[in-house]
Amino acid sequence: MSETKHTILTVRGRDDNNLRISSKLFEEEVRGAAAVADELILESYGQHNIGLRLGSVDKPLTIRVKGPAGQRLGCMGLKGATIICEGSASDDVGYLNIGADVVVKGDATNGVCNAMAGGRVMIGGSIGARGLTMTKWNPDYERPEMWVLGSVGDTFAEFNCGGVGVVCGFNPKNPANVLGYRPCVGMVGGKIFFRGPIDDSYAKTNAKLTPPSDEEWQWLSERLPEFLDKIGRSELLAALSARAEWNVLAAITPQERALMFSGPMPMAEFRRRIWDQGFGGGDPLRDVAPGLERSLIGVIEPGEFRRKKPFWANRDAAAPCTFYCPIHIPTIDRLRMLREGRNDEAYEMLLRYTPFPASVCGTICPNLCIQNCSREKIDYSIDASVLGRSVQTAEPPQALPATGKRVAIIGGGPAGMAVAWHLALNGVEAHIFERDQQLGGKLAQTIPWERLSRAVWDVEISRFLKTKNLHVNLGASLSKDKVEELKKQFDYVVVAVGTHQPRTLSFPGHERVIPALEYLKAAKSDKPMATGKQVVVIGAGNVGCDVAAEAYRLGADQVVLVDIQKPLAFGKERAAAEALGATFKWPFMTREVTAEGLIGADGVLLPAQTVIISIGDIPSLPFLPDSVDVVKVAGASWIKTDEAGRTSDDKILAVGDVERPGLATNALGAGKRTAEYLLAAFKGEQWTPFRQRLINYEDLTLAHYDPCTDRGTTDDQQAARCLSCGSCRDCHLCETICPTGAIFRREITPGPDGVDYEYVSDDDKCIACGFCADTCPCGIWVLRPF
Amino acid sequence: MVSVRSIYTSPSSLTYHDLPWIIEHREDRCTLCGRCTAACPVGAIYLTYRRQRMPKLDVLQKKRGNEYRHFTGIRQHTVIEKRCIGCGMCASVCPNEAIGPHVNDNEHRSAFLLNQKGDAYKRGGRRNAPGKTVLDRISFGRISMLTDPALDAGRHEFNINTILGRVLPPEEFLRRKLTGEWIPPTREIFPFIIGSMSFGALSPNMWLGLLQGVAYCNEVLGIPVVMATGEGGCPPWVLKSPFLKYIILQIASGYFGWDEIIRAIPDMQCDPAAIEIKYGQGAKPGDGGLLMWFKVSKLIARLRGVPEGVDLPSPPVHQTLYSIEESVMKMIQTMSMAFGFRVPVYPKISGSTSAKSVLNNLVRNPYAGGLLIDGIDGGTGAAYNVSMDATGHPIASNLRECYLDLVRQGRQNEIPLFAAGGVGKNGNVAQNGMALVMLGASGVHIGKYIMQATAGCLGNEMGRCNVCNVGLCPKGITSQNPKLYRRLDPDDVAQRVADVFMAIRTEVKKIMAPLGRSQSLPIGMSDALGVDDKAIAERLQINYIC
């Protein structure tokens, strides 16, 4: 087919009766005509969707719409179709158009180019709202274009996704605003050329306003004549070709938008420009809190921003051994010296606490010190008796030269001897006045040699007597007058007479009963009392056990200890008595003592040839001046003392059982305490009693130590096991664990405790993690708020 | 009775798996840097040394015995005072993800032992009732698609502000306008209000950070957010600043800080947004407050007009008020007069069955500018657990009843109701707030949500953290200790305030647009609401949906 005839057909939108035919019928007629024609003249009458899917590139089709067009003119138009509306058009011109040229010579209403993806829509007048919305561009095809000679209505180019709009602003509907209210909302592609004023309400986050670039201006200039030609207004070319009158609103790319979305104003700028200025240019708290620092700090900070800081509280808390020992012997220090090989120093130190390390610590003492030993949580407590016995042969420490002060001590038992010992070592003349013919009080008089061996005892007595400044008067019995005399002769008088009057009961036959004190004293003398085969001891305490042991030694076959309550006997004394065969019977209430023995409350006879009563002793104080107040408890008088041992007479002090009954170690502790008080008084110094707090065992770190399989029999073995509670053992673990390297050790001038080093935490490095305190085996490091 | 125990157990002894939070520590990852123990606000964790016995068990040979292996770890304390609070600061500072708290999903025993030394359990936070709230369950079901004009939250313009203050009926308004009579003051504000948190309960950096963010919202973003001060005064420079207009000043039963406010009135550049008279709060209805002495720093003392380092009690009731009539008369009138009747004044009460009585009284009072009701899920810096968990009234039905009461009287547009208490408890702040709006609230107050969203408050409804009351806030939100509050950057808080309100604005639009509303807040638009529980639906008079 070399040449075809140009066929023009006309389709009418009204029927023979001049009535409107439906869009459906009209479309069928148009489609039929289009199949054979090159050009259609449509005398439409408001039919919709004119031009829908007609024409093609191979077979172009021109459609001239002469009548009133319905909605969606050029809807789904294809490339090759040219649809020309001679007048104005209704809504949605070019709806879903993908290639047709749609020319409207008049105005078009709302929705022009909605969802258009190709082709051109050219409007010779103005358009209504929502033009160029949802317009697409498929990159494989040409961009859709919208040309408007006049102006566009509100909400133009919403969600435009690639379409190009040209708004020439010629004879606009609203001369003040050719693009309507809020154009370009949601626009993500394409651009809009416009000429004339706008109201600046375009979506700033979607579109940017610029003058046309050279390329853009070239694009527009090249196409403008064709548009004007199509709408028949070529005469306007010159008027519309002033580049300066044109502007472009182009879609902002997502990348550009991401950069924009840091907020309308950076906060730092807001603070500087607006916030601070609101307060006259400064911090709003500067007047009420001058100098208040509010700048940022981190969560983990060293220095002043820590909530706590570590303190190396060496020797701040007492080890249990030191705390519970009535003499407060610092056993941890002894053991440290032993660990360091300073054995002689260790022994001497012990002697400076007690004159009887071997007899008391090493032999008869129940060792209160180690009953709370922390080491027990790991394996066994430290054996303090081993330590005591090691000192047996040590010489007395060097005494200070005599100061000229003199103290009389009435009573040469452990309490009195302790007072004398400490005073003498410190240069005070100590004069002991003892009623008996030997020193030692009950230790010497009543404790069986089986329990406290003569060898040990004699060594310690001779060491005692070797001490300078010490004077002993044996067989000195005192009266009130004599005491008054002593008060004149001496700076102080210390009463340490103990309890040497047995307590007895007054049941029938009580005259048949021997007091334990007398029995024991006799047993240790040359003339022990006659002892029957069957012996009953009334009162099953530790003295009762000593009585039982002595009774067995003196010929008894069977010893029964009776008590009205559960026997109080414990420890070595009880073990010794039981080993010899003594039995305990309780509760037992004595009704009567006869020649046959004891008759209990129930009438049962407990056969005995010897009955000994052992229910305690009380002080005997006929010599005591009336100036000394006593306190009466349970029918006996005891001297009333304060915590230093002072009595109501300021020249008389009292120590030991005469204050309150206790163990030998209590008497030694009281003696040391009162001696220290006197030494302070002589020097005019303030005396302070032992006030150290007990260490919390939770503060120690026990897991550093492994359990030993046996307790050990040498003092070195004890030293090795000691945990050094509360006293730094210089192990460097804190220095090692500190994660910031804040802790270091340095040497210092030794203080009174003789420690010549300290560990220090550097505030500038420490973050207060507490690892030092959690690691310290001895419980030295503590974290405290500061 | 003295006894010796090898392993100490007392009635309060617990094991680590009795505690609400269990520290999980991975020795294989731990570098022993000490940060976790340094960061822990309550000292719950410590370095521990462990010794493990490795017995040599050889049947055929004589060399028997034990060897020991030593190793370290991080362990948690089991005493009540040092129990892990689950805040997770340890995890946040750990360089190796070696440590962190995990919630104990077993029954935990500490609940029985928190009442040590006769003191009942106190904490910060709010009702610890995890799970969806009634507000969370409400959905917006009346969607406009083809029936009404559809709206596009992103495209259309919205007016989502609300009115704070007494709104006169139109005829009365016109009458007064013509005769020149007094017209009650109103404010157009954003319907999400930062609820009362005092300068004192909050650290300086938090409080000022919030206000800075509020100022930013107003002056840069154009969102008219206001914030309530809580009781405890306001720094004089702030009172005299242009930002006062974004502040609702509170007066409460402790009357703290009012000397500075009264002193500053002549120098004020602008009026405050409103005056809130606090009669009650949702977290601890009928209970007072106590700012502990250790929070009364020099600064706080100065702001509150009190000596430093004393306890500051706010009694449960105003000491000189004996009836609703008198309260309303005395306080609302006085506060209105103080600011020349130019500032709305409204009371804040706890959610309660007596709320309606208060409301009806306010309706008759010409000066009352609104009513704020704070429900049981409201938060606080410090309260007895029993007050928080079991005292009070949930906001939803309380607000709804009050609103419907106004509707019956035809006064629902005159006196705005504000609701609070658990808004955003599970993060759904806009949804919760809009549900309350549609149940009848003119706006909502949010406090705890703001702390969580703008400052990273770690508290939750599983008992996590909640130590606001003891001044140990690891984020520096509720502490007066500079070592803690300086961890908080006010600029960051302000930025988050801006972020949060921008997002709330978007979400409110996303809720309103489908309902076909853009030009006024849908106050009382309860036909849009649905809930999947018939009883709730009936009680709230909204749709039952399933």
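Because the model is predicted, local features need pLDDT of at least 70 and side-chain atom pairs count only at pLDDT 80 or more, whereas totals for chains, interfaces and linings use all residues. Residues are numbered from 1 along each chain as its sequence is written, and chains are lettered from A and ligands numbered from 1 in the order in which they are written.

Chain A has 22 helices and 34 strands, where helices (H or I, at least four residues) and strands (E, at least two) are DSSP runs numbered from the N terminus. With a radius of gyration of 58 Å, well over the 28 Å that the globule rule gives for 786 residues, chain A is more spread out than a compact globule; the radius is taken over C-alpha atoms, and the rule is 2.2 Å times the number of residues to the power 0.38. The C-alpha trace of chain A spans about 165 × 65 × 50 Å along its principal axes. Of the 786 residues of this chain, 48% count as buried, that is, 20 or more other C-beta atoms, placed from the backbone, lie within 10 Å of the residue's own. Among contacts in chain A (C-beta atoms, placed from the backbone, within 7 Å) between residues at least 6 apart in sequence, 62% join residues at least 24 apart.

In chain B, an automatic or database assignment gives domain 1 (16-119) and domain 2 (154-465 + 489-526). The C-alpha centres of these two domains of chain B lie 44 Å apart, and six residues of domain 1 are in contact with five residues of domain 2.

Between the chains, 41 residues of chain A are in contact with 48 residues of chain B. On the side of chain A that touches chain B, helix 5 (267-278) and helix 22 (771-775) of chain A each supply at least two residues, and the largest share, seven residues, comes from helix 5 of chain A.

Technical notes:
Two residues are in contact if their C-beta atoms, placed from the backbone, lie within 7 Å. A residue is buried if 20 or more other C-beta atoms lie within 10 Å of its own, exposed if 12 or fewer, and partly exposed in between; C-beta atoms are placed from the backbone.
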